[in-house]
Amino acid sequence: MTGSSTVPILTPVSRTKFTCSMRALFVVQVVSQAYVSTWHVAPWFLEGAAPVSVSVLQVTLLYLCVLALLNWACVIWFSSEYTSSAGSRDVTAWGFLAGVTSRADAFFLPVGGEEDGGERGLVTWRRCERCDVDVPPRAVHCRFCRTCVLRRDHHCHLVGCCIGHRNQRFFVVLAAQSAVLSCVGGYLSLSFLYHLHHLHHPQHLSLWVYFLPVTLWKWLWGGVSSLQAILTFHSYMLCLFGPISSHYFVTQMCLIGSGRTKREVQRRMKVVVTSSVCTNLRLVFGPCWYLSLLLPLPHLLFPQQHQGLSYHHVKMLPD
């Protein structure tokens, strides 16, 4: 192999298989978690309590699982891909560029608008050679999605798509709900698994059986019950994705509040954002952004008003 040649870590076919596997794993995890937590763990955890208390816990756990599935589907469905029309090269197709009479003028628009005195900067439309189209400011080409993504933050391999302008709101809510589910579900699952361990002859069932490969082997040969195997699998998944989801939620909220993207921070790009934190949050979540963390399908009630095509409060300074 020569020094100039590069070998991709994953081929397109391998990436597709990996994406499908991760998506299937997420669906299986959430659906099985909802079933076990609602019909087995919750009644045991509130054994002896009033039936209404058990029902409230069951509905809450089921609601969180349904919300997680809905936001996961929205992350995939609401793609942040920049799609240009057939006449995108013509400046007349850029409806927001009022007063621009030539394509050359469009590439040197003032960064902050006319109110800033016409200061020229670097946040402009540019040409993507790979897509062969003119793309808006902050749109970046993704080598995995093979397209340009509006205000691209990062490519999430677990979800299998890019996180950008249109689906970042759902990704953040999904991270928050996954963190809560991991904490609550992890505690309930481990408590119920501990109960089952002492219920099924603990003298013949050591803790080594809860090492996941051993659990699967024991389950195939009838050494542990299906419920114990599922709870063991849930415990591993929740302990793994809980910290990851919490990390993504905190970092994403900090990035959104500052008006920057993960890519801009990682590359140490000198980005100056003059808008307020509330404005930056509304840009991603829409109006009443705080309700997006609680309500299902928030885009139906609070649609995103920003189109992701221009940023009059963002300047990128040269190094």
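Tyrosine 187 counts as exposed, at 52% relative accessibility (exposed means over 50%, buried under 20% and partly exposed in between, with a 1.4 Å probe and protein chains only). This is a predicted model, where local features need pLDDT of at least 70 and side-chain atom pairs count only at pLDDT 80 or more, while totals for chains, interfaces and linings use all residues. Residues are numbered from 1 along each chain as its sequence is written, and side-chain values use heavy atoms, leaving out hydrogens and water.

**Aromatic rings**
- Eight aromatic pairs turn up in the structure (ring centres within 6.5 Å, using the six-membered ring of Trp; planes under 30 degrees apart are stacked, over 60 edge-to-face and the rest tilted).
- Tryptophan 44 and phenylalanine 45 make a tilted pair, 6.4 Å centre to centre with 55 degrees between the planes.
- Tryptophan 44 is partly exposed at 23%, and so is phenylalanine 45 at 38%.
- Phenylalanine 45 also pairs edge-to-face with tyrosine 187, at 6.2 Å and 85 degrees.
- That pair ties together parts 142 residues apart in sequence, because phenylalanine 45 lies in helix 1 (residues 12-45) and tyrosine 187 in helix 4 (helices are DSSP runs of H or I, at least four residues, numbered from the N terminus).
- Ring pairs link Trp44, Phe45, Tyr187 and Phe192 into a cluster.

**Arginines over rings**
- Arginine 138 lies over the face of tyrosine 311, 4.9 Å from the ring centre (the cut-offs: CZ of Arg within 6 Å of the ring centre and within 35 degrees of the ring normal).
- Arginine 169 does likewise with phenylalanine 170, at 5.6 Å from the ring centre.

Conventions: Helices (H or I, at least four residues) and strands (E, at least two) are DSSP runs, numbered from the N terminus.
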